[in-house]
Amino acid sequence: MSALETAVATSPPSLPELFTGFLKIGLMGFGGVGPVARHIIVAERNWLDDRAYAELMGICQALPGANTVNAAVMLGDRFRGAAGALTCVFALMAMPLLSLVALANIYDAVSGHPLAQVALTGAAASAAGLILGTAARLLAKAGLARWAWLMAAAAFVAVGVLRLPMLPSLLVLVPLGLVAASLGARRV
Amino acid sequence: MERSVFGQLVVTFGTISLMAIGGANAVVPEIHRQIVEILGWMDAPTFARLFAIAQTAPGPNVMLASIVGWHVAGTGGLLVATAAMLLPSSVLALACSRGLRRFGDNRGVRIVTLALVPIALGLMLASGAVAALAADAGLFGFAITAATAFVTYRSKVNPLVPMAAGTVVYVAVWSAGLL
């Protein structure tokens, strides 16, 4: 039995508990929900221990979509079935979407003003740096093998430099990565 | 005509949902390509600004789809784009959650993760590059991008801090008449 199954087998949280937990994750996740999600799921609510949480995030990483959304789906489903999954995703998205609507309305109100235009341009330049810096940090600590660095570079060049459509790029890159990963995993 | 806009949002974000390995930060170039270049729903600077606003709000990064939907078709567009971005990947997660019983020692999951992590990180760099070009903030804008990237890379401070600082510096330099 995996750590995740053991954790789920003992006293699953109710739907209202899941709702308030994920509502809080969504509300507190300014600048990224990852750390907040861990804090609430592991430390505050005791839904999972550290090992089970790492297991959960491991599978979420291997799936498309935001990690936290996938975690909400999987935890909700494990604890309370499809209704649990819906509850968790709805709770996770509710407050962020309300804040986004508020921000969008402010944007609408001010975007004609020259100074607001300048501020938004500066914010856009900064936001790009945020993603680049985060990617660089993750790359630095990922401990990638040589083939994996090549895969990362190929993905960057194909989509970021050559601006190729993403679907065909992934249809080439993902199978190549899978072959390299299974060869690499066998050698270790 | 309204209906076709909603239909297009469903198709665009519904397919992007399944390509978003590592989340929406991997698919900024594809969203830009479809929304700005193919559909022509907004210009590149507007897209970059919406991207910045989505970064400012709390919550998962999939909200880039939400704000693009909002800009194109108001609250209805926001809800449709959000649902389209969330649903396919969530259904897949649900199927995997039920299909895979033992995550921890599952060799298949390990190999998929090993293969996808470098691709996701390369795509994230591509997202940053495409967003920097779309921002159209000039040479000084690139300096702001580089400085924000450096601070984010080096320190564990909340990402909103370097982002706010970058914005303030950009506005200050512009106000001083230097841009």
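1. The C-alpha centres of domain 1 and domain 2 of chain A lie 28 Å apart. Domain 1 covers residues 1-115 of chain A, and domain 2 covers 137-188. Keep in mind that this is a predicted model.

2. What is chain A built from? It has 8 helices and 0 strands. Reading along the sequence gives the pattern α-α-α-α-α-α-α-α.

3. Next, the dimensions of chain A. Its C-alpha atoms fill a box of roughly 55 × 55 × 25 Å, taken along the principal axes. Chain A has 188 residues, and 45% of them are buried.

4. Now look at contacts inside chain A. Take those between residues at least 6 apart in sequence. Of these, 53% join residues at least 24 apart.

5. How many residues of chain A are in contact with chain B? The count is 89, and they meet 89 residues of chain B. Helices of chain A that give two or more residues to this side include H1 (3-9), H2 (15-28), H4 (50-61) and H5 (67-110). Also among them are H6 (114-141), H7 (146-161) and H8 (166-187). H6(A) gives the most, with 22 residues.

6. What classes of residue make up the side of chain A that touches chain B? It has 62 nonpolar, 22 polar and 5 charged residues.

7. One helix pair across the two chains deserves a look. H7(A) packs against helix H5 (residues 107-135) of chain B at an angle of about 35 degrees. The axes of H7(A) and H5(B) are 7 Å apart. Their crossing is right-handed.

8. Which residues meet where H7(A) and H5(B) come together? From H7(A), they include A:Ala148, A:Trp149, A:Met151, A:Ala152, A:Phe156 and A:Val159. A:Gly160 is also among them. From H5(B), they include B:Pro118, B:Ile119, B:Leu121, B:Gly122, B:Leu125 and B:Val130. By class, this contact has 17 nonpolar, 2 polar and no charged residues.

9. Finally, confidence. Chain B averages a pLDDT of 92, and 96% of its residues score at least 70. Where is confidence lowest and highest in chain B? It is lowest in helix H1 (residues 2-19) of chain B, at a mean of 91. It is highest in helix H2 (residues 28-38) of chain B, at 97. For the complex, the predictor gives an ipTM of 0.93 and a pTM of 0.92.

Methods: Residues numbered from 1 in each chain as written. Chains lettered and ligands numbered in written order. Predicted model: local features only at pLDDT ≥ 70, side-chain atom pairs only at ≥ 80, totals over all residues. Helix = DSSP H or I, 4+ residues; strand = E, 2+ residues; numbered from the N terminus. Buried ≥ 20, exposed ≤ 12 C-beta atoms within 10 Å, placed from the backbone. Contact = placed C-beta atoms within 7 Å. Nonpolar A, V, L, I, M, F, W, Y, C, P; charged D, E, K, R; others polar. Domains from an automatic or database assignment. pLDDT = per-residue confidence, 0-100. Axes fitted to C-alpha atoms, helices over the stretch in contact; angles between N-to-C directions. Left-handed = near helix turned anticlockwise from the far one by under 90°.
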